[in-house]
Amino acid sequence: MTVATDDRLDVTFAALANSTRRAILARLVEGESNVNQLAEPFQLSLPAISKHLKVLERAGLIVRGQQAQFRPCSLDAGPLEEVSTWAEQYRPVWEARFDRMGTYLHHLRQQGRTDEDHGR
């Protein structure tokens, strides 16, 4: 992985670390929205929402259009694809751990049946 990719991941993860920003992204999955629409479900001021949008924009997770005085926001999934690609390298580790856990749970179930058979 290159330094540039690491830096982009750092910025993306930092943007995703906030629940308000994740909720904004979830809303944008449904389609573009303006700042007022994005602010509706939150008990935050418009300047606070704008700050969250700036973080998302710097991370490349949203793009802002220019329609007259409105600047609708839309999702850009590119950085999320990079996160997915990065996380995918760990899939073999997760799967191996789940397989070991499955084997262990199967062993415990078998042991429990054996204990029941012997009246324990």
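**Exercise 1. Aromatic pairs**

Task: In this predicted model, determine how many aromatic pairs there are, and classify the geometry of the pair formed by F13 and W86.

Solution. 
1. The structure contains two aromatic pairs.
2. For F13 and W86, the ring centres are 5.4 Å apart and the planes make an angle of 75°.
3. Planes over 60 degrees apart count as edge-to-face, so the pair of F13 and W86 is edge-to-face.
4. F13 lies in helix 1 (residues 3-16) and W86 in helix 5 (residues 78-88).
5. Ring pairs join F13, W86 and Y90 into a cluster.

**Exercise 2. Accessibility of the paired rings**

Solution. 
1. Buried means under 20% relative accessible area and exposed means over 50%, with partly exposed in between.

**Exercise 3. Packing of helix 2 and helix 4**

Task: Describe how the axes of helix 2 and helix 4 are arranged, and state which residues meet.

Solution. 
1. Two packed helices are described by the angle between their axes and the distance between the axes.
2. The axes of helix 2 (residues 19-28) and helix 4 (residues 46-58) come within 10 Å, crossing at roughly 75°.
3. Because angles of 65 to 115 degrees count as roughly perpendicular, helix 2 is roughly perpendicular to helix 4.
4. On the helix 2 side the contact is made by T20, R21, I24 and L25; on the helix 4 side, by H52, L53, V55 and L56.
5. By class, the residues of this contact are five nonpolar, two polar and one charged.

**Exercise 4. The surroundings of T20**

Task: Is T20 buried or exposed, and which residues does T20 touch beyond four places away in sequence?

Solution. 
1. T20 is located in helix 2.
2. The relative accessible area of T20 is 14%, so T20 is buried.
3. Not counting residues up to four places away in sequence, T20 touches F42, L44 and H52.

**Exercise 5. The largest nonpolar core**

Task: Identify which residues of the largest nonpolar core touch the most other members, then list the contacts of I62.

Solution. 
1. The core has 16 residues, and I24, L53, L56, L61 and I62 touch the most other members.
2. Helix 1, helix 2, helix 3 (35-39) and helix 4 each contribute at least two residues to this core.
3. Leaving out residues up to four places away in sequence, I62 touches L25, L28, L53, L56, E57, C73, S74 and D76.

Terms used
Residues are numbered from 1 along each chain as its sequence is written. This is a predicted model: local features need pLDDT of at least 70, side-chain atom pairs count only at pLDDT 80 or more; totals for chains, interfaces and linings use all residues. Side-chain values use heavy atoms; hydrogens and water are left out. Rings of Phe, Tyr and Trp (its six-membered ring) pair if their centres lie within 6.5 Å; planes under 30 degrees apart count as stacked, over 60 as edge-to-face and the rest as tilted. Helices (H or I, at least four residues) and strands (E, at least two) are DSSP runs, numbered from the N terminus. Axes are lines fitted to C-alpha atoms, for helices over the stretch in contact, and angles run from 0 to 180 degrees between N-to-C directions. Angles under 35 degrees count as roughly parallel, over 145 as roughly antiparallel, 65 to 115 as roughly perpendicular and the rest as oblique. Contact means heavy atoms within 4.5 Å. Ala, Val, Leu, Ile, Met, Phe, Trp, Tyr, Cys and Pro count as nonpolar, Asp, Glu, Lys and Arg as charged, and the others, Gly among them, as polar. Buried means under 20% relative accessible area, exposed over 50%, partly exposed in between (1.4 Å probe, protein chains only). A nonpolar core is a set of buried Ala, Val, Leu, Ile, Met, Phe, Trp, Tyr and Cys residues joined through side-chain atoms within 4.5 Å.
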